[in-house]
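Open the model in your viewer and keep the sequence panel beside it. The stops below are given in the order in which to select them.

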Amino acid sequence: MRAVVLREPGRAVAVEDVELDPPNADEVLVRVAAAGVCHSDVRLADGELGDGRWPMVLGHEGAGVVEAVGDAVTHVEPGDHVVFCLVPACGSCRACRAGRPNLCEPAGANGFAGCLMDGTSRLRAGGETLQHGLMTACFAEQTVVAADGAVEIPRELPLWQAALLGCGVVTGIGAVRNVARVQRGDSVCVIGCGGVGSQVIAGARIAGADPIIAVDTRPEKLELARRHGATDAVDARSDDALAAVRMLTGGGADHAFEVVGVPETIRFAWDAIRSGGQAVVVGLVPRGVDVAVPGIEFLSDKSLLGTYYGSGDAARDLAELANLALAGELDLGGVVSHTTDLDGVEAALERLRRGEGARTVVLIDPAVAGAP
């Protein structure tokens, strides 16, 4: 099959001919219809998430149609439409038993190692073993994932839209619901309004937050934020951007969500919240980067919080989010600024590096994806 392979950081990713072994008993073979290009793919491609994470087939946000299942798989069958869950929780480790499947310890370890849940790979090229990008490897015509990495969704939802559920949507809306627990009437500030930031805004809108203030440096992203529910837009290039947020919220937001992953915007989120407020870091910060906030301000009962993969039960939440999209509560297609094919993934990564556009969707099988 054809797949996008990262050979080493700093070298452009490229489409290669790759061999894919059949699924084991507790695995699923999926024909990939579409995949979203996420900033996490950039971090991986640029070597910012740790050494040795290559060679790798990239891609972790996608959807497709089940082609085959292992003997132990009962929840999906060939022909089912599925989205990918990049944390196929084991259900028995300490984190899973504590009700935090997003922090599943075996899934975390194997995801970092680029393996499936048994610690091995199904991918090869020229006799060389390739890693599975975040246990998913969906910038490819087919992929094999752990059984719990394939979540069934209604067939009525176009797969080019469903592809976005598995990372950007579950991460953004989960941060609102499961971490900040935004309530009706709460004030929300979102810094970084691309593909994931727009989903944070959508989650705040669904929760009934007011006002919802979008902060970004690009006018087109601020317009995108308004379409997804932002009540106000602030240009981060302005010298008084922070003052504008404080004015619009009457002294500071109840919740600020940082969706960029750099120290300056994390500090902006911290400074934008009121006493007793919460700053939630959704953006992926590269390894080795430290973040500082004024320690004295902890006396104001502020909280600086992290989140990973929506901080909930993704397998459960993905099905619910698919139904919200079908009901018209989520505009999945509205965050798509570009579409491409596998050969266009490197250009999509470059757009993200430049901060251009929102989500690019890779149409791997346009006929099955229901392409726009």
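At what angle do helix 8 and helix 9 pack, and how far apart are their axes? This is a predicted model. Select residues 241-248 for helix 8 and residues 263-272 for helix 9: the two pack at an angle of about 35°, with axes 10 Å apart. Their crossing is right-handed. To see the contact, show the side chains of Ala241, Leu242, Val245 and Arg246 on helix 8. On helix 9 the contact is made by Phe268, Asp271 and Ala272.

Next, select the open sheet of six strands, whose order is 2-1-5-9-8-3 and whose pairing is mixed. Strand 2 (14-17) and strand 3 (19-20) are at the edges; each has a single partner strand, so one side of each has no neighbour in the sheet.

Stay in this sheet and pick strand 9, residues 128-132. Strand 5 (residues 56-57) pairs with strand 9 in the parallel sense, over two bridges. Val57 has His132 of strand 9 as its bridge partner. Strand 8 (residues 123-125) also pairs with strand 9, here in the antiparallel sense and over three bridges. In that pairing, Arg124 is bridged to Thr129 of strand 9. Strand 8 and strand 9 form a hairpin with two residues between the strands, and Gly126 there takes a positive phi near 60°.

Move to helix 3, residues 105-113. Which of its residues are buried? They are Ala107, Asn110 and Gly111. Look down the axis of helix 3: the buried residues fall within an arc of 105°, so they line one face of the helix. An α-helix has 3.6 residues a turn, so residues three or four places apart point the same way.

Now turn to the nonpolar cores. The largest has 42 residues, and Leu165 and Leu330 have the most contacts inside it. Among the elements that each supply at least two residues of this core are strand 4 (27-37), strand 6 (61-69), helix 5 (168-180) and helix 10 (314-326). Helix 10 gives the most, with six residues. Select Leu165 and show what surrounds it: beyond its neighbours within four places in sequence, Leu165 is in contact with Val83, Leu157, Val170, Leu318, Leu321, Ala322 and Leu332. A second, separate core has 32 residues, including Val345, Ala348, Leu349 and Val362.

The last stop is Ala214, in strand 13 (residues 212-216). Is Ala214 buried or exposed? Ala214 is buried, because its relative accessible area is 0% and under 20% counts as buried. Leaving out residues up to four places away in sequence, Ala214 touches Val190, Cys193, Ile201, Leu222, Ala225, Ala230, Asp232, Ala233 and Val234. Finally, draw a distance from the C-alpha atom of Ala214 to that of Thr231: these atoms are separated by 7.9 Å, with the residues 17 apart along the chain.

Notes:
Residues numbered from 1 in each chain as written. Predicted model: local features only at pLDDT ≥ 70, side-chain atom pairs only at ≥ 80, totals over all residues. Heavy atoms only, no water. Buried < 20%, exposed > 50% of the residue type's maximum accessible area, 1.4 Å probe, protein only. Helix = DSSP H or I, 4+ residues; strand = E, 2+ residues; numbered from the N terminus. Arc of directions from axis to C-beta. Pairing = 2+ DSSP bridges. Core = buried A, V, L, I, M, F, W, Y, C linked by side-chain atoms within 4.5 Å. Contact = heavy atoms within 4.5 Å. Axes fitted to C-alpha atoms, helices over the stretch in contact; angles between N-to-C directions. Left-handed = near helix turned anticlockwise from the far one by under 90°.
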